[in-house]
Amino acid sequence: QAEREGLTLTTSSSSTSGYKGVTCRPKQHGSKNYQLKVRAGGKMVTLGMFATAEQAALFYARREAGRDTSDLTAPPPPPPPPAPT
């Protein structure tokens, strides 16, 4: 999915999930086991809970790219049209 959107998922060797800001919380939120947290304004802020680490990492990538992240269930934007030659 990230590749189709032209995004790169940010990996982290210090995270058990393998992705920056994503941690596994299996006993807290039912089927949504992966929490995404980032630092904003000097504070740690939880951005959401996700079913997979990849979904959380994709949300992070969309946020970093300045894409709309207001609706976690929204389908990805269509790919840009090919450049005219």
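Predicted model: local features only at pLDDT ≥ 70, side-chain atom pairs only at ≥ 80, totals over all residues.
Strand β2 (residues 34-40) and strand β3 pair in the antiparallel sense, and seven bridges hold this pairing in the count.

**The overall layout**

Let us step back to the whole chain. The protein has one helix and three strands, and reading along the sequence gives the pattern β-β-β-α. The three strands form an open sheet in the order β1-β2-β3, with antiparallel pairing. At its edges are β1 and β3 (43-50), each of which pairs on one side only. Neighbouring strands of this sheet are turned by 30° against each other on average, direction ignored. In general, strands of a sheet pair through backbone hydrogen bonds, either parallel or antiparallel.

Where does α1 lie? Helix α1 lies across β1, β2 and β3, and runs at about 25° to β2. Of the 85 residues in the protein, 27% are buried. Among contacts between residues at least 6 apart in sequence, 31% join residues at least 24 apart.

**Charged side chains**

Three salt bridges are counted in the model. Here they are side by side.

| Salt bridge | N to O distance |
|---|---|
| Glu5 and Arg62 | 2.6 Å |
| Glu5 and Arg67 | 3.1 Å |
| Arg63 and Glu64 | 3.3 Å |

Start with Glu5 and Arg62, whose side chains meet in a salt bridge of 2.6 Å. This pair links distant parts of the chain: Glu5 sits in the segment before β1 (22-24) and Arg62 in helix α1, 57 residues apart. The side chains of Arg62 and Glu5 are also joined by a polar contact of 2.6 Å.

Arg62 has its place in helix α1, which covers residues 53-64. Is Arg62 buried or exposed? Arg62 has a relative accessible area of 15%, so Arg62 counts as buried, because buried means under 20%. Glu5 is buried as well, because its relative accessibility is 9%.

Now look at the other partner of Glu5. The side chains of Glu5 and Arg67 meet in a salt bridge of 3.1 Å. Glu5 lies in the segment before β1 and Arg67 in the segment after α1, so this pair ties together parts that are 62 residues apart in sequence. With a relative accessible area of 28%, Arg67 is partly exposed. Taken together, Glu5, Arg62 and Arg67 are linked in a network of salt bridges.

The remaining table entry joins Arg63 to Glu64, with the closest N and O atoms 3.3 Å apart. Arg63 has 30% relative accessibility, so Arg63 counts as partly exposed.

**Aromatic rings**

How many aromatic pairs are counted? There is one aromatic pair. Phe50 and Phe59 form this pair, which is tilted, with 5.4 Å from centre to centre and 50° between the planes. Both Phe50 and Phe59 are buried.

**A short tour to finish**

To find your way in the 3D view, you could begin with the open sheet of three strands in the order β1-β2-β3, then turn to helix α1, which lies across β1, β2 and β3. From there, look for the salt-bridge network of Glu5, Arg62 and Arg67, and end at the tilted rings of Phe50 and Phe59.

Methods: Residues numbered from 1 in each chain as written. Heavy atoms only, no water. Helix = DSSP H or I, 4+ residues; strand = E, 2+ residues; numbered from the N terminus. Buried < 20%, exposed > 50% of the residue type's maximum accessible area, 1.4 Å probe, protein only. Polar contact = N/O pair within 3.5 Å; in protein donor to acceptor, adjacent residues only side chain to side chain. Salt bridge = Lys/Arg side-chain N within 4 Å of Asp/Glu carboxyl O. Phe/Tyr/Trp six-rings, centres within 6.5 Å; stacked < 30°, edge-to-face > 60°. Pairing = 2+ DSSP bridges. Axes fitted to C-alpha atoms, helices over the stretch in contact; angles between N-to-C directions. Contact = heavy atoms within 4.5 Å.
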